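Reader: I have a model open and want to go through it with you. Can we start with helix packing, then move to the sheets?

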Amino acid sequence: MTDALLTAEDAGLLSCHSCSLLTRAKSGADPGAHEEQHCPRCGSALHMRKPDSLTRTWALVIAAFLCYIPANLLPMTVVTSLGKVQSDTIMSGVIYFLQHGEWPIGLVILIASVVVPLTKLFILVYLLISVQRKSQWRPLERTRLYRVTEAIGRWSMTDIYVVTILVALVRLGNLATIEAGIGAIFFGGVVVLTIIAAMTFDPREIWDNMESTNDR
Amino acid sequence: MTDNTAGNAPENEIPEAVVKPRKGISIVWIIPIVAALIGAWVAYQSWSEIGPTIVITFGNAEGLVAGKTKIKYKDVEVGLVKQIDLEKDLKHVQVTVQMNKGSKGFLTKKTRFWVVKARISAGTVSGLGTLLGGAYIAIDPVNGGKFVKDYVGLEAVPIVTTDQPGQHFQLKASRRGSLDVGAPIYFRQIQVGEVVSYQLSEDAETVNFKIFVNDPHHIKVKENTRFWNASGLDISLSAAGFNVDMESIVSLVSGGLAFEVPPDTEPGKDAEENMVFTLYDDHTAAFEQQITLKEKVLLYFGGSVRGLTPGAPVEFRGIEIGEVKSVELEFDPEKQDFVIPVLIEIEPERMGKNAAIFSEERRMAILSAYVERGFRAQLKTGNLLTGQLYVDMNFYPDAEEEEIRMVDGYRVLPTIPTSLEEITKGVNVVLDKLKAFPFDKIGADLTRTLSHLDTTIVQAEGTLKSIDTIFAEDSVLSQELQKSMRELSETARSLRILTDYLERHPEALLRGKEK
């Protein structure tokens with residue numbers, strides 16, 4: 001794609017994650033090593049690449065997938081109104097709003113709770129696979145995908161916030177009470193795990209493949 | 001993983017570190033494992049709560065929502081409607097229900113399901129909670145028995161559920177009356193049960209009621225208990241007067257039953273489950289009909305029977321012995337006159353406890369003897385205000401001799417006219433006689449007699465006058481009479497003097513008057 005460029009790794013330079021100080025990597029030390037190199041200025045750990053990036057991201061993504069199943073099957077909210085108990089899962093809530101003509105709310109919930117987390121998970125899986133297969137296909141677009149993933153990740157928390165606010169607000173005793181269901185915990189787990197997974201993934205790995213092929 | 005060189009070690013004796021690829025798994029895999037474990041545990045939890053799936057068939061799915069409608073027993077959720085489908089023939093609705101775990105034991109053949117909705121009827125208001133919370137399916141679980149998967153839902157709320165202690169009984173009635181399902185059953189005016197169902201008997205001759213009496217009142221139902229219809233307001237206007245009878249306001253609207261052991265009898269053994277009783281029309285009927293022997297007799301009345309209705313009492317010296325069954329009008333072609341046959345029913349037992357023991361012939365012989373002695377029926381006014389009549393039986397020894405006839409298979413007892421009728425008749429006879437009296441002739445005769453009398457009086461005057469003259473003061477007769485009277489008084493005086501003297505001188509009778 002491009003001519004061989006001088007990368008920081010090739011030059012033996014490290015950039016601090018915290019204070020951006022450019023330091024020279026200690027000779028002999030290499031990216032995967034367990035010797036910790038530290039920033040001489042702020043003392044943060046320095047890595048050539050995020051350590052164990054692929055493994056950690058995989059583990060987190062798989063955990064997120066596992067959590068996503070109960071998050072959708074188990075009730076998100078348990079509404080007790082006049083003695084009538086009703087528990088709603090994410091999808092039943094979405095269907096309820098759509099059926100009652102409140103499609104904007106339904107759509108928001110659908111996007112925040114279903115579309116976003118799933119998109120994130122699938123993007124991460126795709127990125128992981130593509131990195132592991134040393135794909136050279138459209139690294140720029142893949143990097144953009146990664147940035148999108150990072151950016152939208154936190155918006156999935158909307159759902160959790162809605163539930164927590166409802167639980168706190170609707171405390172009318174026998175008239176109406178809303179309680180968070182066990183599904184909410186799993187859903188929160190999904191959101192947190194995907195955010196961490198996105199953090200552990202090192203987008204530079206995408207470009208490493210470009211370098212190595214260029215070298216060869 | 002990669003070469004690890006200790007670059008600045010020139011000495012050969014110092015061994016080079018062995019490079020080993022990192023073994024084992026990264027600690028980060030604990031996260032998905034933990035997630036998987038938690039997920040598995042939660043999955044097991046929810047799976048373990050899932051009980052059997054059953055299908056209930058209903059006539060319609062009014063108020064039922066898939067995924068929302070609950071199955072409740074004593075307000076405890078025991079299941080959830082999963083799916084509502086139409087049957088293939090489009091006649092019924094199949095409701096698929098996911099029951100909770102552990103419900104298999106009470107999902108047996110006798111278990112019943114029904115939809116609870118707000119129900120407001122004359123006596124009860126129930127299921128108001130469903131107005132806000134939506135309908136739910138109620139279950140009447142019956143323990144013991146095989147698990148059954150398919151049920152037919154009840155269309156109406158059952159009155160009695162299996163968990164209610166008490167007993168069922170059956171009643172036979174000639175008609176339904178105003179009794180409805182759920183109609184109250186009273187014992188001494190306290191509600192102790194309800195009518196569960198009613199239906200025509202197979203031969204459509206009677207209406208069979210199924211009733212339920214709650215514990216502990218069911219033991220009040222004895223073998224000889226009598227049930228009667230306490231429905232509504234029993235207003236009876238009879239020869240006995242005006243009578244209003246009512247068990248309660250509720251029974252006024254929705255009908256009701258009452259039961260009691262006849263007051264003069266000993267309560268019998270406790271009635272058994274599903275024992276069959278007769279349902280009497282009213283309280284009076286319930287206690288009167290202990291008499292089994294009934295004798296139908298015809299009476300022919302000549303006069304008006306206005307005020308005589310079926311049901312009017314037949315009395316003997318003021319004691320009711322039967323009732324009027326029918327009053328008809330018949331034309332007697334022989335006499336060219338209308339007659340009124342009144343069919344009455346007499347209960348001979350009321351006239352003597354032995355009547356039931358006697359044979360038919362014996363009773364007839366007695367009756368014939370009675371009639372010979374003047375046993376007659378008569379219409380009498382029972383209530384002056386309303387003009388109600390009743391049939392009075394009594395002995396009238398002066399009555400004309402009559403015998404018992406047979407007409408249309410009924411015995412005909414002789415009657416005597418009504419007292420009023422009798423009086424009217426008597427007065428009529430007098431009037432007729434008066435009418436026949438020859439007032440005109442008597443008048444003429446009287447005039448003639450009076451004229452005779454006139455002359456007689458004139459003659460009499462003459463006679464009196466002559467008498468007058470005879471007795472006048474200056475008449476000869478009078479003077480002679482005065483003279484005679486004087487003579488007589490003279491004589492009397494001298495006689496007195498004589499007797500005085502003789503009294504003082506009795507010897508003078510012998511010796512003569514002294515000197």
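Author: In this predicted model, α6(A) passes α7(A) in a left-handed crossing. Left-handed is said if the near helix is turned anticlockwise from the far one by less than a right angle, right-handed if clockwise.

Reader: Which numbering and cut-offs apply here?

Author: Residues count from 1 along each chain as its sequence is written, and chains are lettered from A, ligands numbered from 1, in the order in which they are written. Local features need pLDDT of at least 70 and side-chain atom pairs count only at pLDDT 80 or more, while totals for chains, interfaces and linings use all residues. Helices (H or I, at least four residues) and strands (E, at least two) are DSSP runs, numbered from the N terminus.

Reader: At what angle do the axes of α6(A) and α7(A) cross?

Author: Roughly 150°, for α6 (157–169) and α7 (182–200) of chain A, with the axes coming within 9 Å. That makes α6(A) roughly antiparallel to α7(A). Angles under 35 degrees count as roughly parallel, over 145 as roughly antiparallel, 65 to 115 as roughly perpendicular, and the rest as oblique. Axes are lines fitted to C-alpha atoms, for helices over the stretch in contact, and angles run from 0 to 180 degrees between N-to-C directions.

Reader: Which residues make the contact of α6(A) with α7(A)?

Author: From α6(A) come Met157(A), Asp159(A), Ile160(A) and Val163(A), and from α7(A) come Ala184(A), Phe187(A), Gly188(A) and Val191(A). By class, that contact has 6 nonpolar, 1 polar and 1 charged. A contact needs C-beta atoms, placed from the backbone, within 7 Å. Ala, Val, Leu, Ile, Met, Phe, Trp, Tyr, Cys and Pro count as nonpolar; Asp, Glu, Lys and Arg as charged; the others, Gly among them, as polar.

Reader: And α2(A) against α7(A), how far apart are the axes?

Author: The axes are 8 Å apart, and α2 (53–73) of chain A packs on α7(A) at about 160°. The two are therefore roughly antiparallel to each other. The crossing of α2(A) and α7(A) is left-handed. Among the residues that meet are Leu60(A), Ala64(A) and Cys67(A) in α2(A), and Phe186(A), Val190(A) and Leu193(A) in α7(A). The contact of α2(A) with α7(A) divides into 14 nonpolar, 6 polar and 1 charged.

Reader: How about α3(A) and α4(A), which handedness?

Author: Left-handed. The axes of α3 (90–99) and α4 (103–132) of chain A come within 7 Å and cross at roughly 160°. So α3(A) and α4(A) are roughly antiparallel to each other. The contact includes Phe97(A) and Leu98(A) of α3(A), with Trp103(A) and Ile109(A) of α4(A). It has 9 nonpolar, 3 polar and no charged residues.

Reader: Chain B now. What is the order of strands in the barrel?

Author: The closed barrel of 7 strands runs β10-β13-β12-β11-β17-β14-β18 in chain B, with mixed pairing. Its neighbouring strands are turned by 35° against each other on average, direction ignored. Two strands pair if DSSP finds at least two bridges between them. Within it, β12 (190–200) and β13 (207–214) of chain B pair in the antiparallel sense over 7 bridges. Gly193(B) has Val213(B) in β13(B) as its bridge partner.

Reader: Which strands are the edges of the open sheet?

Author: The open sheet of 7 strands has the order β5-β8-β2-β3-β4-β1-β9 in chain B, with mixed pairing. Its edge strands are β5 (112–116) and β9 (150–152) of chain B, each pairing on one side only. Inside, β1 (50–58) and β4 (93–100) of chain B pair in the antiparallel sense over 7 bridges. Ile56(B) has Val95(B) in β4(B) as its bridge partner.

Reader: How many residues lie between β20(B) and β21(B)?

Author: The hairpin has 2 residues between them, and Arg317(B) in the turn has a positive phi of about 50°. Glu315(B) stands opposite Glu320(B) in β21(B).

Reader: Last one: what are the confidence scores?

Author: The model scores ipTM 0.73 and pTM 0.48. Chain B averages a pLDDT (the predictor's confidence in each residue, from 0 to 100) of 81, and 88% of the residues score at least 70. Over residues 1–9 of chain B, pLDDT stays under 50.

Technical notes. Contact = placed C-beta atoms within 7 Å.
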